[in-house]
Amino acid sequence: MTTPQYRVAIVGAGPSGFYAAEALLRAQKDVAVDLFERLPVPYGLVRFGVAPDHPKLKQVTAVFDRIAAMPGFRFVGGVDVGTDISIAALRRAYHAVVLATGASLGREIGLPGEKLAGNRQASDFVGWYNGHPDHRDLAFDFSGERAVVIGHGNVALDVARILLKTPDELRRTDIAAHALEALAESRVRDVHLIGRRGPSETRFSAKELGEFDTLTACDPGIDPADLRADAFSHGDGFDIERKASLDLLERFSRRVATKERRCLFRFHLEPVCFEGGEGVQSAVFRRNCVEGAADECIRIDTKLVFLSVGRRTSPIEGIAYDGSRGVHANRGGRLMVHDRIDHGLYTCGWSKRGPQGTIGTNRACALDTVEKILVDLDSLPSPEPGAIDRLVSSIGRRHGVPLDFDAWRIIDSAEVARGCVNGKPREKFVSVDDMVATARERGIAC
Amino acid sequence: MTYVVTDQCTGCRYTECVTVCPVECFHLDDEMTYIDPENCIDCGGCVPACPVGAIQASYLLAPEQQKWIEINRRRAAETPVITSRLAPLPGADERKKALGL
């Protein structure tokens with residue numbers, strides 16, 4: 001096997017990391033790619049973000065597996081870049097380093113009472129029900145009958161839907177066992193899904209909104225007091241998708257509730273504060289449904305609030321951060337430091353442009369970054385000889401087994417087998433130790 | 001359900017859809033692109049990417065457009081996958097302008 005001319009490290013094995021690897025390996029240059037991931041398991045938000053009841057979206061992992069099989073690709077799992085190894089060490093070992101680290105932190109809204117217990121980030125709940133090792137030990141108080149979700153995007157819909165589905169609707173999905181168990185005991189019957197604007201200004205996609213029409217035990221509804229005149233009319237600029245969303249909301253507004261659970265879509269409510277003692281007891285909003293009229297104060301009693309108002313990238317030691325955009329400071333994918341290009345460092349996906357778009361948006365985004373890398377490659381300094389082998393073998397020794405793509409395949413098979421017993425597509429391991437132990441034991445057995 | 005390319009693509013064949021498809025399920029011939037319903041994962045990312053609004057969710061198609069579900073299925077099986085963006089057909093930008101887009 002010949003030594004590749006160029007070596008690129010990608011940090012983060014979510015969609016944008018895989019698509020960057022694909023673009024580099026398809027390029028007309030001799031490039032090898034090492035894809036670093038903090039966890040022993042790949043796929044990022046496809047595994048830990050996509051809702052368990054959306055299995056079709058998860059089929060995208062077949063594409064990632066094809067990328068992983070391309071010559072020149074290597075998966076290096078179980079390494080927290082910035083903690084276990086420094087960015088500086090990676091830079092010494094590779095021609096270029098691409099940060100595809102996503103947006104793992106939930107945004108706050110900076111209101112009084114936001115830190116009260118019971119006020120949670122939607123992203124924590126999503127990580128919890130999807131079995132993310134960082135979130136598996138979280139506990140949510142489902143003892144109240146009402147929950148509030150603030151935000152009018154598809155993540156807010158995921159949170160509401162998972163809260164309102166019956167255990168039977170979730171049992172055959174890959175939802176984490178701890179979440180299924182806790183949700184089966186949940187007393188939540190009423191979810192208020194709250195946005196600051198009107199029905200024509202949500203970021204819901206019609207397909208996901210439509211799922212609320214067919215829930216077993218839940219009716220979607222709308223409080224007429226939250227609506228302005230002509231709430232469901234739309235201008236000429238509306239495409240079919242947005243019209244479909246608005247039509248669905250209009251239909252929800254006419255629906256007579258007959259089921260035991262309810263998802264109330266609420267509009268024109270501006271969060272003001274959260275009240276409570278030890279934990280949150282109510283969320284307070286300002287409502288303005290009539291132009292020129294005084295705002296109305298709306299207090300919703302609840303012990304459980306989810307904030308779903310956006311995410312931001314987790315800063316990495318040694319990398320400049322763009323606080324206003326919540327991403328690694330970059331210009332078109334090239335990392336910046338003090339307004340100058342930090343040569344050899346790049347970013348793609350949500351850590352480049354923020355949390356927008358669908359899975360495939362990250363493909364276009366990664367391609368764009370890779371185009372820049374390919375332009376720059378010849379001008380970047382060559383890495384120290386042998387540095388990569390030393391780096392990767394030291395990582396392998398840490399876990400007692402190399403956490404490469406073969407190790408993932410072993411973990412994957414074990415998860416599928418565990419799920420099969422309960423009629424689930426998989427039962428995820430929710431601790432890194434269990435993932436590593438599985439890779440180690442099966443590795444020896446093989 | 002799936003997403004389908006309609007005849008709105010004919011005469012333009014912009015391929016912005018291809019770059020945002022996570023599963024490379026677009027095919028093409030000399031006229032337009034088609035979505036392979038077997039591989040499409042229903043993410044919907046291509047819908048806003050199309051400069052002329054040629055892509056729609058199958059369940060939102062008007063009755064006279066329903067035929068495109070079958071046409072996409074058939075033509076996707078008969079034509080090659082496209083993996084990267086191509087130049088649009090000659091006159092595409094003029095057509096887009098004429099459509100008021």
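Reader: Which residue does Lys56(A) form a salt bridge with?

Author: Lys56(A) pairs with Asp42(B), and their closest N and O atoms are 3.4 Å apart. A salt bridge here is a side-chain nitrogen of Lys or Arg within 4 Å of a carboxyl oxygen of Asp or Glu. Before we go on: this is a predicted model, where local features need pLDDT of at least 70, side-chain atom pairs count only at pLDDT 80 or more, and totals for chains, interfaces and linings use all residues. Residues are numbered from 1 along each chain as its sequence is written, chains are lettered from A and ligands numbered from 1 in the order in which they are written, and side-chain values use heavy atoms, with hydrogens and water left out.

Reader: OK, and where do Lys56(A) and Asp42(B) lie?

Author: Lys56(A) is in helix H3 of chain A, while Asp42(B) is in the loop between strand S3 (33–35) and helix H2 (46–49) of chain B, so the pair joins two chains. Helices (H or I, at least four residues) and strands (E, at least two) are DSSP runs, numbered from the N terminus.

Reader: How many salt bridges cross the interface of chain A and chain B?

Author: Three. Over all chains, the structure has 48.

Reader: And how many residues of each chain are in contact?

Author: 20 residues of chain A touch 19 of chain B, with contact meaning heavy atoms within 4.5 Å.

Reader: New topic, rings! How many aromatic pairs are there over all chains?

Author: The search finds 21. Rings of Phe, Tyr and Trp (its six-membered ring) pair if their centres lie within 6.5 Å; planes under 30 degrees apart are stacked, over 60 edge-to-face, and the rest tilted. Take Phe18(A) and Phe64(A): their ring centres are 4.9 Å apart and their planes at 15 degrees, so they're stacked.

Reader: Which parts does that pair tie together?

Author: Phe18(A) sits in helix H1 and Phe64(A) in helix H4, both of chain A, so the pair links parts 46 residues apart in sequence.
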